[in-house]
Amino acid sequence: INSFHKYFSIYLSLLFLLGIYYLHYKHNVSNDSSISEYLINYQGGFVRRGLIGEILFRYSDYFNLNLRFQIFLTQSAIYTIFLILIFNLFKNFEKNVIMLFAIYTPIFLLFPIAELESLGRKDPFLYVFFLSLIFIKNTKFANIFTFLVLPIFCMIYEEIVLFSPFIFAVLILKNKSTTFKSTFKLSLLFLPSLALILYFFMYPLSLESHKIMADSLMNVFNERCYMSCYLVVGNDITSFSDMVNYIWGAHSNVPIILMRYFLVILIGFFPIFFLSFHSSFKNDIFFTRIKLRNIFLFLLACYIPIIPLFVVGGDWGRWIGMMITFTTIFYFYLYQNDFISVDHSSITRKLLFFKNKK
């Protein structure tokens with residue numbers, strides 16, 4: 001454990017230093033999506049992903065501050081909080097070699113540094129919510145936290161709802177729910193968040209309202225509304241087919257793309273999938289009643305709501321990074337809290353080649 005603390009601290013410290021350096025480097029780039037996401041605000045009306053942008057808009061305007069630098073500070077703060085929570089998640093248990101591979105796989109913590117287009121996006125807000133929920137010990141407070149705080153995070157980045165199976169599973173485990181009735185009651189905690197998501201898609205920002213938002217950015221901060229800031233216009237359910245045609249029409253060689261990402265998932269997810277395949281929920285847990293004892297199969301079920309992201313969005317690297325982050329956090333939450341049994345003998349038997357140091 002002490003050895004892991006030492007090297008993991010060095011690893012996270014390097015990620016932190018590189019992250020802050022590149023966030024500062026990126027914050028003045030005029031065509032970076034990680035900045036344009038934070039330009040979305042409520043000046044033209046209530047719109048998805050606008051909460052943080054509205055806070056930064058008003059705060060920067062009131063104190064006459066540079067908006068882009070305030071965005072950089074916000075990105076740095078949430079990234080730092082994420083790394084601190086990650087360290088606390090992994091620090092207190094023995095790890096075998098396959099667990100170390102799962103923690104250090106490059107598409108997990110290293111991904112935002114390796115792919116700078118991902119660095120500075122709103123993904124860490126999702127991770128911070130999930131990790132915060134995990135660290136809450138009081139069950140009643142965890143329920144209240146989900147009911148009241150999850151809608152706030154939906155206003156920051158609504159795609160957190162696609163990862164709700166992981167959140168729901170943690171709530172079921174924290175509440176020790178073993179019946180369908182008690183589990184259904186827990187699902188009601190998501191109603192405010194689902195209502196917000198439904199509102200966003202039923203009442204997208206109009207072109208007129210978007211122009212007001214864009215004009216406010218130009219008039220107050222001399223910032224144009226571009227990329228992510230522009231894409232909130234008319235992004236409703238009726239445009240689903242248009243989005244699909246746009247994304248897939250832009251790719252000239254779909255089979256190559258599918259093969260590439262198949263290999264990324266196969267290699268990058270292998271350690272956590274290998275652990276999950278040899279792990280099962282214990283008998284007194286709700287999921288065993290619905291025939292989802294094996295953790296690997298349970299994870300596949302959790303991925304179902306995420307599939308639309310790959311259909312309508314071109315940022316496949318980001319979606320994969322988000323998937324493995326939620327997966328890794330969730331698996332080690334289960335492991336640390338003794339919700340699962342792990343067939344260590346089978347893992348050792350299948351990984352005998354690790355004994356050969358070559």
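**Helices, core and loops**

Helix α17 passes helix α19 in a right-handed crossing, where a crossing is called right-handed if the near helix is turned clockwise from the far one by less than a right angle, and left-handed if anticlockwise. The model is a predicted one, in which local features need pLDDT of at least 70 and side-chain atom pairs count only at pLDDT 80 or more, while totals for chains, interfaces and linings use all residues. Residues are numbered from 1 along each chain as its sequence is written, and side-chain values use heavy atoms, with hydrogens and water left out. Helices (H or I, at least four residues) and strands (E, at least two) are DSSP runs, numbered from the N terminus.

Two packed helices are described by the angle between their axes and the distance between the axes. For α17 (residues 295-302) and α19, the angle is about 140 degrees and the axes are 12 Å apart, the axes being lines fitted to C-alpha atoms, for helices over the stretch in contact, with angles from 0 to 180 degrees between N-to-C directions. That makes α17 oblique to α19, since angles under 35 degrees count as roughly parallel, over 145 as roughly antiparallel, 65 to 115 as roughly perpendicular and the rest as oblique. On the α17 side I295, F298 and L299 meet T327, F330, Y331 and L334 of α19, contact meaning heavy atoms within 4.5 Å. By class, this contact of α17 with α19 has six nonpolar residues, one polar and no charged ones; Ala, Val, Leu, Ile, Met, Phe, Trp, Tyr, Cys and Pro count as nonpolar, Asp, Glu, Lys and Arg as charged, and the others, Gly among them, as polar.

Helix α19 also packs with α5 (residues 97-104), and here the axes come within 10 Å and cross at roughly 145 degrees. This crossing of α5 and α19 is left-handed. M99, A102 and I103 in α5 meet T328, F332 and Y335 in α19, a contact with five nonpolar residues, one polar and no charged ones.

The largest nonpolar core has 120 residues, and those with the most contacts inside it are I86, F90, F166 and F332. Such a core is a set of buried Ala, Val, Leu, Ile, Met, Phe, Trp, Tyr and Cys residues joined through side-chain atoms within 4.5 Å, and buried means under 20% relative accessible area, exposed over 50% and partly exposed in between (1.4 Å probe, protein chains only). Not counting residues up to four places away in sequence, F166 touches F130, L299, C302, Y303, I306, F326, T327 and F330.

The loop between α12 (207-221) and α13 (240-249) holds S228, which counts as buried at 11% relative accessibility. Leaving aside neighbours within four places in sequence, S228 is in contact with S33, S36, E37, I40 and R121. M227 is found in the loop between α12 and α13 as well, and is partly exposed, with a relative accessible area of 35%.

Most residues other than glycine have a negative phi. In M227, however, phi is positive, near 50 degrees. D338, also not a glycine, has a positive phi of about 60 degrees; its place is in the loop between α19 and β2 (340-342).
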